[in-house]
Amino acid sequence: MCTGKCSRFIGLVLIPMALTCIIANVLLIFPNADGQWTKHITTEVWLMGGIAGGGVFMLCPGLSAVRAGGKGCCGTGCCGNRCRMLRSVLCSVVGILGAFYCFMVSLFGLIDGPLCWTANDKWEKPFVDLRKNDSYLFHKEDWSKCLRPPNIVLWNIVLFSIMLGMSILEAVFCAFQIINGCIGVFCGDCRKEGKSKSKHNDEGL
């Protein structure tokens, strides 16, 4: 596959991943899809790992990779291709940092669990003090400790897991784009070479 086509493919994959992270993070702000609980959400949600790290930071390398696979403001020749590829490499580095941020926020969001109203008649994180081998993630019977919002534990697990999984995939695709982009910078885009050879063959005929 040509570096240009590969860049475009990676970009078209990264963009929906970024949007998925943004949507997941927005849903975490509204537990159980109800606005009345918005004041009682965890710090990990407010850190906006999905909106910022896995979302906005990922749209930059996604859009840059798509542009690297087509014509852009840098021109249509060999230098233009290399310029767009270099820009996509730099944006992909930023994307990896964003994915790492999203990963860490999501990981701690899963480990610590949600903020909820408990039998102690207060808002707290009932799963923070549990030992690692007794994680609430593997003991569904402990979820009943959270009385309100309804289904908050499952809501928290599903959405943070989505963000965690997306951040890993985003980092992998950004790493691929860094490699692909470097090849494009130093070797050029084979599509242009193919067109050039075809043009010379036509002139020879």
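Select Met163 first. Its relative accessibility is 1%, so Met163 counts as buried; the cut-off for buried is under 20%. Bear in mind throughout that this is a predicted model.

**Stop 1: around Met163**

Colour helix α5, residues 152-187, and you will find Met163 inside that helix. Which residues is Met163 in contact with, leaving aside its neighbours within four places in sequence? Show Cys21, Ala24, Asn25 and Leu28. Now pick the C-alpha atoms of Met163 and Gly55. They are separated by 9.7 Å, although the two residues are 108 residues apart along the chain.

**Stop 2**

Two packed helices are described by the angle between their axes and the distance between the axes.

Select helix α1, residues 3-29, together with helix α3, residues 49-68. Their axes are 7 Å apart, and the packing angle is about 160°. That makes the two helices roughly antiparallel, because angles over 145 degrees count that way. Turn the view and look at how they cross: α1 passes α3 in a left-handed crossing. What classes of residue make up this contact of α1 with α3? There are 18 nonpolar, nine polar and one charged.

**Stop 3: α1 against α5**

Keep α1 and bring back α5. The angle between α1 and α5 is about 160°, and their axes lie 9 Å apart. The pair is therefore roughly antiparallel. The crossing of α1 past α5 is left-handed. Sort the residues of this contact between α1 and α5 by class: 22 are nonpolar, eight polar and one charged.

**Stop 4: α3 against α5**

Are α3 and α5 roughly parallel or roughly antiparallel to each other? Their axes cross at roughly 25° and come within 11 Å. The two helices are therefore roughly parallel, as angles under 35 degrees count as such. Here too α3 passes α5 in a left-handed crossing.

Now show the residues that meet. From α3, select Gly49, Gly50, Gly54, Met58, Pro61 and Ala65. From α5, select Met163, Glu170, Cys174 and Gln177. By class, the contact of α3 with α5 has five nonpolar residues, four polar and one charged.

**Stop 5: the salt bridges**

Side chains of opposite charge can pair when their charged atoms come close. How many salt bridges does the structure hold? It holds two.

Select Lys125 and Glu44 for one of them; the closest N and O atoms are 3.1 Å apart. Lys125 sits in the loop between β2 (123-124) and α5, while Glu44 is in helix α2 (residues 43-46), so the pair ties together parts that are 81 residues apart in sequence. Lys125 is partly exposed, with a relative accessible area of 25%. Glu44 has 10% relative accessibility and counts as buried.

Next, select Lys122 and Glu124. Their side chains meet in a salt bridge, 3.9 Å from N to O. Lys122 is partly exposed, its relative accessible area being 43%. Glu124, at 19% relative accessibility, counts as buried, since the cut-off is under 20%.

Key
Residues numbered from 1 in each chain as written. Predicted model: local features only at pLDDT ≥ 70, side-chain atom pairs only at ≥ 80, totals over all residues. Heavy atoms only, no water. Helix = DSSP H or I, 4+ residues; strand = E, 2+ residues; numbered from the N terminus. Buried < 20%, exposed > 50% of the residue type's maximum accessible area, 1.4 Å probe, protein only. Contact = heavy atoms within 4.5 Å. Salt bridge = Lys/Arg side-chain N within 4 Å of Asp/Glu carboxyl O. Axes fitted to C-alpha atoms, helices over the stretch in contact; angles between N-to-C directions. Parallel < 35°, antiparallel > 145°, perpendicular 65-115°, else oblique. Left-handed = near helix turned anticlockwise from the far one by under 90°. Nonpolar A, V, L, I, M, F, W, Y, C, P; charged D, E, K, R; others polar.
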